[in-house]
Amino acid sequence: MRSLGYLIKEGLRNVWVNRTMTIASIAVLMSCLLLTGAAGLFSLNVNRAMGTLEGNNSIRVYVRQDVSSLDALRIGDEIRKLDNVESCEFVSKDEGMDEMRELLGEENASLLDGLEGDDNWLPDSFRISMKDLSQYDETAREIQAIDGVDSIYDYSDLANQLTRIDNIVTRVGLVIVIALSVVSLFIIANTIRVAMLSRRLEISIMKSVGATNGFIRVPFIVEGIVLGLVAGLVSSLLLDFIYYRVIDALGIDMLFRVINIHHYLLPMVLAFMLVGALFGALGGAISIGRFLKREGGAVVGW
Amino acid sequence: MISMRHVSKTYPNGTHALYDVSFQVQKGEFVFVVGSSGAGKSTLLKLITCEEKPDGGELSVNGEDLVAIKRREVPYLRRTLGMVFQDFRLIPTMNVFENVAFAMRIVGASRREIRKRVPYMLGLVDLLDKQKSYPAELSGGEQQRVGLARALVNNPDLILADEPTGNIDPALSFEIVDLLSEINLRGTTVVMVTHEHNLVKHFHKRIVEIHEGRIVADTNGLEANEA
Ligand SMILES: Nc1ncnc2c1ncn2[C@@H]1O[C@H](COP(=O)(O)OP(=O)(O)OP(=O)(O)O)[C@@H](O)[C@H]1O
Ligand SMILES: [Mg+2]
């Protein structure tokens, strides 16, 4: 369309003329996008943490440091003899070190340098699973009684807890995000309605000279898209910044390898901008739909 | 150009604005529509511009059947019409040039066409030297001439003017009607609503008189002057 440049310019003019409202709607849309992003990152990281932890139903038995690997294998046989033990898999101290390396991620793996081979301070261990978890306490006592067993850790508990937290965060996050989406749509639509009312004289004249509704819409949709693009850009960059601040503050990067969003920064920014633009366009479309049904003088309120 | 047969219009609140109105306007005619306040003159124009739908009867403009017209076809019908308003309806934040160019942009004219055509139109209404002025800096007559230039810029077949002289003093009113007659002589059909009798008497044109929603007289200017 030959007048597209003109229409876009008009849309940008709306943004400027309407700046207080514009800033308000950008802020709300931004908080919506930020929260969505934060909940998403939390969930992704929880999943990552669980992946690096044991599987859901797994219990770890550590052997005392002073027990030789050969004796350790004998301990394994004894564990397998217990009724409630379903499987029992030997994890040597070297394998333990590999796991640890995996857990820490490339960035922090150098911490383990010099602790390999003979200097490895990790104990041998067994990864076991039980047939009936309700008899956990009793079975654990039996294992503990075996000579050479140091301690038992039930990672399944931690995994369950993480899953529970993840579920809560996902659910609460979803509710908040939906509520905020509705609020942002409402505020964007209202912002654009203000722009529209301030230009109703122009709209009535446009109609009287034969502008199609589609044409009249364009600047307002452009306005919405601009709002959305700005909100998407700023919130994704902000999310990136806050993410690393929070990780540093909590020190959780020492526990497991957190997701590195720097790698995905560009797609993330683009996705946020796309979602923002969609919201903006939708807000614009909602606000003018009804208005355009009016005719002639009724547009201006004469 | 305009053909109305047995057209009535009732507003949603029950007001009967027009009863069984029939009249024709041929291409190239100049018609005054007169009548007291509330007679239904504006309603008549609104039917022609598709702002309102008739209750019944037949109505066609420029060969287009307005009873059956689809919503999305209305803008294209309006592009063949030029509207002039009593209150000018100029956009205060745009200068004279922009106000006229605006109408061309809407129908997708190129910048080159706009740069050529707008000054030509402003020359026609004798406002070339005011093209950078804003509406607030113009007299009523000048503002109405801008409105006229805007109505004409897309080369409409039919000009519809609803009391275009209502807000300006009598001397300027004559100027505006002079201009409309001149445009009419170039082949554009003109329908002008007014209740200024001096004006109607001075120009010898066809006069359609509406009273309480009915056409009570339809005379050419000469007969009216004799009466
Ligand atoms: N939108 C509307 N809703 C309801 N009634 C209306 C509407 N517009 C006009 N009317 C009524 O229809 C009748 C005709 O109105 P119209 O505006 O056509 O008169 P007019 O001849 O143009 O008068 P004037 O010279 O004062 O402009 C009046 O009784 C008016 O009150
Ligand atoms: Mg009127």
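Me: Let's start with A:Glu10, is that residue buried or exposed?

Reply: A:Glu10 is buried, with a relative accessible area of 8%, where buried means under 20% relative accessible area, exposed over 50% and partly exposed in between, using a 1.4 Å probe and protein chains only. Please keep in mind that this is a predicted model, in which local features need pLDDT of at least 70 and side-chain atom pairs count only at pLDDT 80 or more, while totals for chains, interfaces and linings use all residues. Residues are numbered from 1 along each chain as its sequence is written, chains are lettered from A and ligands numbered from 1 in the order in which they are written, and side-chain values use heavy atoms, with hydrogens and water left out.

Me: And which residue forms a salt bridge with A:Glu10?

Reply: A:Arg199 does, and the closest N and O atoms of the two are 2.2 Å apart; a salt bridge here is a side-chain nitrogen of Lys or Arg within 4 Å of a carboxyl oxygen of Asp or Glu. The pair links distant parts of the chain, since A:Arg199 sits in the loop between α6 (155-198) and α7 (200-208) of chain A and A:Glu10 in helix α1 (residues 4-17) of chain A, 189 residues apart. Helices (H or I, at least four residues) and strands (E, at least two) are DSSP runs, numbered from the N terminus. A:Arg199 is buried as well, with a relative accessible area of 8%.

Me: What about B:Arg206 and B:Asp218, how do their side chains meet?

Reply: They meet in a salt bridge of 2.8 Å, N to O. This pair links distant parts of the chain, with B:Arg206 in strand β9 (residues 206-211) of chain B and B:Asp218 in strand β10 (residues 214-219) of chain B, 12 residues apart. B:Arg206 is buried at 14% relative accessible area, whereas B:Asp218 counts as partly exposed at 39%.

Me: Switching topic, which residues are closest to ligand 1?

Reply: The closest are B:Ser37, B:Gly38, B:Lys41, B:Ser42 and B:Thr43, out of 14 residues that surround ligand 1, and a residue is near a molecule if one of its heavy atoms lies within 4 Å of it. By class, the shell has 3 nonpolar, 9 polar and 2 charged residues.

Me: Which helix gives the largest share of that shell?

Reply: Helix α1 (residues 41-48) of chain B does, with 3 residues.

Me: Where are the oxygen atoms of ligand 1 relative to B:Ser37?

Reply: An oxygen atom of ligand 1 is 2.5 Å from an N or O atom in the side chain of B:Ser37. For B:Glu163, a side-chain N or O atom is 3.3 Å from an oxygen atom of ligand 1, and for B:Ala39 a backbone N or O atom lies 3.2 Å from one.

Terms used
A polar contact is a pair of N or O atoms within 3.5 Å; within protein, one must be able to donate a hydrogen and the other to accept it, and residues adjacent in sequence count only if both atoms are side-chain atoms. Ala, Val, Leu, Ile, Met, Phe, Trp, Tyr, Cys and Pro count as nonpolar, Asp, Glu, Lys and Arg as charged, and the others, Gly among them, as polar.
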